[in-house]
Amino acid sequence: MFVGWALTTLGADIGWLTLMVAVAVFIGVLAVRPIVEGLGAGAALTTRAAFGVGDEIAVDDTVGEVIDITSRTTVIQTRDGRNVHIPNVEMLDKTVTVYTAGDERRSSVEVIVEFGTDLDRARNVIRAPLAEVDGINRLGSIRGKVVATGIELSVRFWHAPGIQAGTVDQLW
């Protein structure tokens, strides 16, 4: 502004200079906007209590443990060891499922048995080994429904919620 005032005092035309400064400011605002949005989103994610580092979350098709929330991305480590970086601006618009919100997490496994199977015996055969698995905190009901190929038994059980507790396959 002082350079423009000085040039005007000396009798120079600063119309082009004003236009170039306005264009430069406009380009600068456009260039800085994504960075400022990312910083704002990162600050929002770290200050809101929805999830934090160490939580197991699901975003779209990605399930894993939050290992870092940077100024631009949320880093999720999947169970197979991949690190997925999701931009914080997108995280604010996504539905995030937090699996470690409670002390326990319910899972279920479906088993199909043939028609004519003694269901009481099948339930006992399933329930007995599950009761001895260390990773399972408690067993729920075993529900049955008829499907085209037989009877589907849904076995529900509760276990530790975090990814550190392992997968359902590791509980067996």
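Tutor: Let's start with a rule: two strands pair if DSSP finds at least two bridges between them. Keep in mind that this is a predicted model.

Student: Okay, so what makes strand 6 and strand 8 a pair?

Tutor: Nine bridges join strand 6 to strand 8 (residues 150-159), and the rule asks for at least two, so they count as paired. They run antiparallel. As an example, S108 has R156 in strand 8 as its bridge partner.

Student: Where do these strands sit in their sheet, and what is its order?

Tutor: The order is 6-8-7, in an open sheet of three strands with antiparallel pairing. Its edge strands are strand 6 (105-113) and strand 7 (136-147). From one strand to the next, the twist averages 20°.

Student: Why are strand 4 and strand 5 called edge strands in the other sheet?

Tutor: That open sheet has five strands in the order 4-3-2-1-5, paired antiparallel. Strand 4 (83-87) and strand 5 (96-98) each pair on one side only, and that's what the name is about. Neighbouring strands there are turned by 40° against each other on average, direction ignored.

Student: How do you know that strand 1 and strand 2 pair?

Tutor: Strand 1 (residues 56-59) and strand 2 (residues 62-69) share four bridges, in the antiparallel sense. At least two are needed, so they pass. Look at I57: G64 in strand 2 is its bridge partner.

Student: Why is the contact of E56 with R79 called a salt bridge?

Tutor: Their closest N and O atoms are 2.8 Å apart. The cut-off is within 4 Å, so the pair qualifies. E56 is in strand 1, while R79 is in the loop between strand 3 (73-78) and strand 4, 23 residues apart. The whole structure holds four salt bridges.

Student: What makes R138 count as a charge over the ring of W158?

Tutor: R138 lies over the ring's face, 4.1 Å from the ring centre.

Student: Last one: which residues make up the nonpolar surface patch?

Tutor: V3, L7, L10, L17, V21, V25 and V29, making about 640 Å². Helix 1 (2-9) and helix 2 (15-47) are the elements giving two or more residues. L7 is in helix 1, but the largest share, four residues, comes from helix 2.

How values were computed. Residues numbered from 1 in each chain as written. Predicted model: local features only at pLDDT ≥ 70, side-chain atom pairs only at ≥ 80, totals over all residues. Heavy atoms only, no water. Lys NZ or Arg CZ within 6 Å of the ring centre and 35° of its normal. Axes fitted to C-alpha atoms, helices over the stretch in contact; angles between N-to-C directions. Patch = residues over 30% accessible without salt bridge, like charges linked within 9 Å, V, L, I, M, F, W, Y side chains within 5 Å. Areas by Shrake-Rupley, 256 points an atom, 1.4 Å probe, with all protein chains shown as cover. Salt bridge = Lys/Arg side-chain N within 4 Å of Asp/Glu carboxyl O.
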